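Try each task before you read its solution.

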Amino acid sequence: MQFFNCDLHIHSCLSPCADITMTPKLISEKLVELGIDLISITDHNTTGNVRVFSEVVSKKGIRVIPGIEVQTLEDVHILGYFPSVDAAESYSKWLYKKIPDFEIDPEKFGYQLYINDEDNYIATEDKWLGQSAEINIDEAIDSIHDFGGFFAFSHVNRKMGIIYQLGFINIVNNDQRIITEVNFKKDLKSLEFYDNLKKIKSSDAHSIQTLKVPMKISMKKRTFEDLRNCLLNDEGKVELIWD
Ligand SMILES: [Zn+2]
Ligand SMILES: [Zn+2]
């Protein structure tokens, strides 16, 4: 077992609220500088830039776990992680149909940019990705599982986090480990009540300068399976790094 520097929550230029400089090449450079070993690109309600990021970032020896950040009808953010880019893209295609046809003025709400491996913008997304998909929390969790993935509750104590929005975590199946993302040490207090949680910490970076090393995870290999086993079956340790 070896500890790897991991960041499981990074937004690309396809997220309306992210900087347009969140491109594969610029992010790769910063990840190398920080010594990060494994990341996930988790854009709002889409995996549209995951494939190009996987290609560019992995050339630097950094592992990319395909991901997404779903916004549910309850305005709760849920991270989904998938075993392959194909699985993540199939999920995104399914989810896209659940996103209302509502277009935005990018000057006001932010640009949603598809990018290529040379950091050139190649297209824009017209449907607003920063709104809720028409699925509830249970449906989001079930659908992520249906496509072979696992989930984590995003920034539980911040806006769009499950505890912030609902006041509690509605754990449906109690013998199932739940992964929760925390931002500050004080968040741990609000989670003391629950005994079957695994805590992770991420940068949730929307700009290059907010990228950092938020946690270390011990795994045999940097694979989707090892990551899932560590987080859900305790086959490894997670070390959160506080600011
Ligand atoms: Zn979020
Ligand atoms: Zn996020």
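**Exercise 1. Overall build**

How many helices and strands are there in the protein chain?

*Solution.* This is a predicted model, in which local features need pLDDT of at least 70, side-chain atom pairs count only at pLDDT 80 or more, and totals for chains, interfaces and linings use all residues. Residues are numbered from 1 along each chain as its sequence is written, while chains are lettered from A and ligands numbered from 1 in the order in which they are written.

Step 1. Count the elements: the protein chain has eight helices and eleven strands. Helices (H or I, at least four residues) and strands (E, at least two) are DSSP runs, numbered from the N terminus.

Step 2. Check the radius of gyration, taken over C-alpha atoms. The globule rule is 2.2 Å times the number of residues to the power 0.38. For 243 residues, a compact globule would come near 18 Å; the protein chain has 17 Å, so the two agree.

Step 3. Look at burial. A residue is buried if 20 or more other C-beta atoms, placed from the backbone, lie within 10 Å of its own, exposed if 12 or fewer, and partly exposed in between. Of the 243 residues in the protein chain, 42% are buried.

**Exercise 2. Helix α3**

Find which residues of α3 are buried, and what they pack against.

*Solution.* Step 1. The expected span is 1.5 Å times one less than the number of residues. Helix α3 (residues 85-96) has twelve residues and should span 16 Å; its end C-alpha atoms are 16 Å apart, which agrees.

Step 1. List the buried residues of α3: A88, Y91, S92 and L95. They cover an arc (of the directions from the helix axis to the C-beta atoms) of only 100° around the axis, so they sit on the same side of α3.

Step 2. Recall the rule. An α-helix has 3.6 residues a turn, so residues three or four places apart point the same way.

Step 3. Name the partners. The buried residues of α3 pack against α2 (50-58), β3 (63-71), β4 (77-81) and α5 (137-146). Contact here requires C-beta atoms, placed from the backbone, within 7 Å.

**Exercise 3. Strand β10**

Which side chains of β10 are buried, and which strands does β10 pair with?

*Solution.* Step 1. Follow residues 215-219.

Step 1. Find the neighbours. Strands pair if DSSP finds at least two bridges between them. Strand β1 (residues 2-10) runs antiparallel to β10, with five bridges. Strand β11 (residues 238-240) is also antiparallel to β10, with three bridges.

Step 2. Pick out partners. C6 bridges to M215 in β10. K216 bridges to E239 in β11.

Definitions and conventions:
Two residues are in contact if their C-beta atoms, placed from the backbone, lie within 7 Å.
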